[in-house]
Amino acid sequence: MKAKVFLGIRIAGTVLAFFNLLMFFALRPCWSGISSTLGYKGGSNTFLLVLPIIVCVLLFVILLCDLILKKIFKKDWLQILFLAIHVVFFAAIMVVIGLGAVDYMRFVWPKFFTGLAAVIALVLLYFLLFVYPKTRLKDLKVFKYGVLGVAAVLAVGVLANFTFNWITCSPVVYAVGDKYQIVFSTSVDATGYVEIGGTKYYDTYNGTTRTFDRIHKIEVPMEKLDASKKYTVHTQKSIYCGPFGGFLGRDISQSVDFKPVDVTDGIQYLSFSDIHMNLAQAAKTATFVENYDFLVLAGDIISDVETFEDANFNNEVAHAITKGQIPVVYARGNHDIKGRFGQELHKFVGAEGDRFYYTFYFKDIYGIVLDLGEDHDDDWWEYYGTAHYADYHEAQIEFLKEEIAKKDYEHYPYRVAISHIPIPFVNYRLNHEYVKKTMTTLLNQMDIDMYLCGHQHQLMIFEPGLIEPFTELSYNPNYKNKKYGGYLTDFNFPSFMVSKQGFTFKDATNITGAKSHIGFYVDVDLSVNEERCHYLNSAGEKVDVMNMFYDKAYGQEIRIDLTTKEFLPQNA
């Protein structure tokens with residue numbers, strides 16, 4: 001009995017040791033968060049910065065000691081000691097997950113299971129080298145031929161490119177400039193094209209149809225799709241592409257009815273930001289809006305862009321809400337920069353080439369999208385020297401100056417500006433002060449009717465003229481009775497932050513397990529030069545809001561005079 005108990009202790013300890021090492025290594029997207037929580041804020045003392053690496057090495061050493069020492073000495077007390085050590089580290093890892101890493105487990109689990117697969121492969125190799133020759137399996141023909149058969153099938157499948165093609169994410173229509181960018185994805189490398197009214201528009205690379213991509217982005221003239229009101233995406237698997245020929249699979253297609261922006265009944269649009277993977281909640285909120293012309297996704301739709309699927313998640317959300325039937329406007333968030341596929345993101349969403357600042361035009365609507373990039377200044381320690389946004393910001397400042405010089409916006413009665421990180425609001429960290437002040441000055445010249453942003457995970461309303469610019473902010477005492485820090489710029493345009501999980505203005509903002517995501521709906525009536533807007537949750541309820549930094553309640557609906565940019569009284 002005693003032997004069985006200690007055998008169980010030994011097995012439990014070994015399993016925990018492997019779990020701790022694999023899980024902590026998989027948690028590396030959160031290592032900087034661990035350092036920050038422990039107090040590291042940059043500087044020359046880098047012990048806290050490298051502490052997670054030290055812990056990871058320590059867990060590896062403990063695992064080796066567990067495997068080697070227990071095999072050599074075979075002492076009962078040694079089994080208990082190592083189990084206790086593993087339990088302590090397991091508890092610490094659970095604390096790390098509970099303090100915030102839980103929001104990133106979507107990215108952690110794949111890394112964990114990749115590590116687990118590597119361990120299983122090593123165990124299998126150990127079995128074949130040291131155990132298999134001594135067992136009766138070596139004499140079983142069924143076992144030998146079975147393994148050989150599985151290996152043969154896998155080899156033939158790889159050599160023959162034996163895979164199936166289908167559309168994994170149905171199309172999304174992004175608006176950029178005076179064109180639409182229709183994006184969809186396939187299960188394997190394939191071609192892609194869009195057919196509109198008998199005309200075919202191909203996904204090409206300098207004249208050649210792309211055959212080695214799973215994401216397909218085809219640019220089409222806006223007026224063509226608006227007139228046709230229907231498009232069909234096509235794809236064929238790339239079976240073989242060689243120097244003297246090639247083979248494509250069968251044509252797979254999907255047709256979608258399209259609804260162009262129609263201003264005869266006014267302008268209506270819906271906006272979300274900081275969804276952070278909560279697709280179901282955002283999509284549910286959208287179901288309570290029956291009629292709108294376009295969707296705005298203002299960044300941080302996902303928390304990390306580590307894989308193809310992460311980058312494509314933007315399209316999963318956009319299609320779940322729009323079904324590919326109305327245009328989508330996309331602004332990049334700071335979390336959309338993170339990860340390997342952050343540098344490939346322009347292939348997946350609306351963008352002007354590989355840049356995320358651009359204009360877009362609908363009937364009676366001028367739009368401009370800006371991108372501040374990361375949310376700290378370039379020298380922030382978590383960027384480990386890879387952030388160089390000063391030139392990127394200057395390019396956008398010049399872009400704004402060019403737009404002002406062209407005066408294209410003067411031909412459109414309604415003008416909307418969008419960015420993920422708020423331009424009129426300098427938070428308590430005081431980052432991006434220069435670019436925010438400069439962009440504010442330029443946007444002030446463009447008579448902007450609505451500015452949308454996200455990032456702070458709050459419902460903030462920035463009303464022009466309500467709070468003295470460049471003065472330190474304190475919270476509205478009805479919200480929190482303390483100073484905030486930071487300040488507002490001297491903006492002259494109505495500005496709204498669309499960025500919160502929850503059902504109410506004061507809900508907690510945890511990402512994981514959120515039951516609701518709050519969106520923002522705008523209804524513009526150009527005949528009376530007024531826009532009405534409200535926040536909406538996943539229960540279909542309008543959200544009561546207040547100004548977070550001024551003692552003012554807005555209720556469930558906000559009305560704005562487009563001529564004066566004044567917020568109208570609730571009972572008017």
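Helices in this briefing are DSSP runs of H or I with at least four residues, numbered from the N terminus. The model is predicted, and its protein chain carries 11 helices and 28 strands. Of the 572 residues in that chain, 51% are buried, and the C-alpha atoms fill a box of roughly 90 × 65 × 45 Å along the principal axes.

**Second largest pocket**
- Helices α1 (2-26), α3 (47-73) and α5 (105-131) each contribute at least two residues to the lining of the second largest pocket, whose volume is about 820 Å³.
- The lining comprises 23 residues, and those closest to the centre of the pocket are Thr14, Phe18, Leu67, Val123 and Tyr126.
- By residue class, the lining of this pocket consists of 17 nonpolar, 2 polar and 4 charged residues.

**Helix α8 and its cover**
- Within helix α8, which spans residues 279-287, the buried positions include Gln281, Ala282, Ala283, Thr285 and Ala286.
- The elements that cover the buried residues of α8 include the strands β12 (267-272), β24 (517-525) and β25 (530-536), together with the helix α9 (308-322).

**Contacts and surface of the whole chain**
- Among the contacts in the protein chain with a separation of 6 or more, 72% are between residues 24 or more positions apart.
- The accessible surface of the chain comes to about 27,200 Å², and carbon and sulfur atoms account for 60% of that area.

Terms used:
Residues are numbered from 1 along each chain as its sequence is written. This is a predicted model: local features need pLDDT of at least 70, side-chain atom pairs count only at pLDDT 80 or more; totals for chains, interfaces and linings use all residues. Side-chain values use heavy atoms; hydrogens and water are left out. On a 1 Å grid over the protein atoms alone, a cavity is a set of points where a 1.4 Å probe fits but cannot get out, and a pocket is an open set with protein on both sides within 12 Å along at least five of seven lines; lining residues have an atom within 4 Å of a point. Grid points are joined across faces, edges and corners, and a volume is the space filled by probe spheres set on the points. Ala, Val, Leu, Ile, Met, Phe, Trp, Tyr, Cys and Pro count as nonpolar, Asp, Glu, Lys and Arg as charged, and the others, Gly among them, as polar. Buried means under 20% relative accessible area, exposed over 50%, partly exposed in between (1.4 Å probe, protein chains only). Contact means heavy atoms within 4.5 Å. Accessible areas come from the Shrake-Rupley method with a 1.4 Å probe; for residues, only the protein chains shown count as cover.
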